[in-house]
Amino acid sequence: LERRRAIEEKDALLAILEEKELNLRNRNERMELDLMIAQSAQKSFVRRDTPACDFLRVDFRYVPLERVGGDYFSFFKSGEDRLAFFICDVSGHGVAAALFTAMIRSMSDRLFTEMGDNPTEFLETLNRELLDYISSNFVTAIYGIFKRPGGTGNVRLRFASGGHVHPVIMRKGGELSFTGGSGMIMGVKEEVSYQLIEEHLGPGDRIYLYTDGIPETVNNRKEMIGFEKGLLELFRASIRESLGESLDGVLEEMERFRSGADSGDDITLIGFEAI
């Protein structure tokens with residue numbers, strides 16, 4: 001009798017385990033399907049082309065950490081003499097971050113049509129709107145607009161930053177420096193003012209925008225590239241003849257620094273070169 005009871009208990013336990021395994025398998029399949037849907041949706045608005053511009057060369061590299069990521073960027077044309085850009089980085093990774101980027105895409109597209117000529121107003125309005133939706137996440141972003149006044153001469157850049165990493169300017173002679181102030185991160189505080197920064201680029205000058213996946217790269221000795229001297233050295237070592245080759249050079253130098261360590265974040269890198 002005891003043996004029969006033990007057999008029945010074992011069979012009951014096996015049945016419970018089989019049911020749990022089936023439920024877990026079904027849950028994993030649903031999660032995989034959700035991830036595939038999110039990946040497909042994000043691919044639909046991640047850029048694959050560069051905007052045509054008579055006074056700028058434009059190129060970019062995008063490397064998500066997972067199949068979906070928290071980086072987003074876009075370009076906006078306004079006539080023949082203006083090119084605007086937006087780049088943001090949502091904290092976190094995976095499906096949740098990708099959903100936030102989809103929302104930000106909709107917001108930024110609308111704000112460009114309403115206040116595309118005013119970088120500070122653009123970010124201040126976006127910040128207020130994000131407060132209604134973001135609680136556990138936050139966003140860093142830069143919005144700016146290039147213009148060639150009168151169609152000749154230097155290219156003027158006016159931009160504002162919401163807690164984003166500093167753009168890097170490379171002058172034609174090879175001099176490298178950071179530009180702009182970081183400002184307050186977005187989606188945290190309601191009343192925020194952002195500083196308007198202005199730069200002028202002569203022919204051959206370049207400016208690089210990127211997300212913090214680059215400076216936060218860590219090697220197998222737990223050393224980080226960092227946001228200051230080490231980052232400028234990386235860009236200096238990446239200088240190539242063409243803009244696209246320089247972007248590839250940055251990624252190559254990152255891999256060399258990483259020395260086999262795993263990547264820790266999404267990577268977005270955009271380059272502009274004045275013609």
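Me: In which sense do S5 and strand S8 (residues 197-201) pair, and over how many bridges?

Reply: Two strands are taken to pair if DSSP finds at least two bridges between them, and strands themselves are DSSP runs (E, at least two residues), just as helices are runs of H or I with at least four, numbered from the N terminus. In this predicted model, S5 and S8 pair in the antiparallel sense over five bridges, and Phe159 has Ile197 in S8 as its bridge partner. This is a predicted model, in which local features need pLDDT of at least 70 and side-chain atom pairs count only at pLDDT 80 or more, while totals for chains, interfaces and linings use all residues. Residues are numbered from 1 along each chain as its sequence is written, and side-chain values use heavy atoms, with hydrogens and water left out.

Me: Which strand is joined to S5 by six bridges?

Reply: That is strand S4 (residues 139-147), which runs antiparallel to S5; Lys147 stands opposite Arg156 in S5, and Phe146 has Leu157 as its bridge partner there.

Me: In what order do the five strands form the open sheet?

Reply: The order is S2-S3-S4-S5-S8, with antiparallel pairing. S2 and S8 stand at the edges with a single partner strand each, so one side of each is left without a neighbour in the sheet. Neighbouring strands are turned by 15° against each other on average, direction ignored, where axes are lines fitted to C-alpha atoms, for helices over the stretch in contact, and angles run from 0 to 180 degrees between N-to-C directions.

Me: Which helix packs on the sheet, and which strands are touched?

Reply: Contact means heavy atoms within 4.5 Å, and by that criterion helix H3 (residues 119-130) packs on the sheet, touching S3, S4 and S5, with a direction that makes about 25° with that of S5.

Me: How many residues of strand S5 (residues 155-162) are buried, and how many of strand S2 (residues 71-77)?

Reply: Buried means under 20% relative accessible area, exposed over 50%, and partly exposed in between (1.4 Å probe, protein chains only). Seven of the eight residues of S5 are buried, and that strand is mostly covered, while six of the seven residues of S2 are buried, so S2 is largely enclosed by the rest of the structure.

Me: How many bridges join S2 to strand S3 (residues 82-90), and what is found in their hairpin?

Reply: Seven bridges join these antiparallel strands, and Ser74 has Phe86 in S3 as its bridge partner. The hairpin has four residues between the strands, and Gly79 takes a positive phi near 75°.
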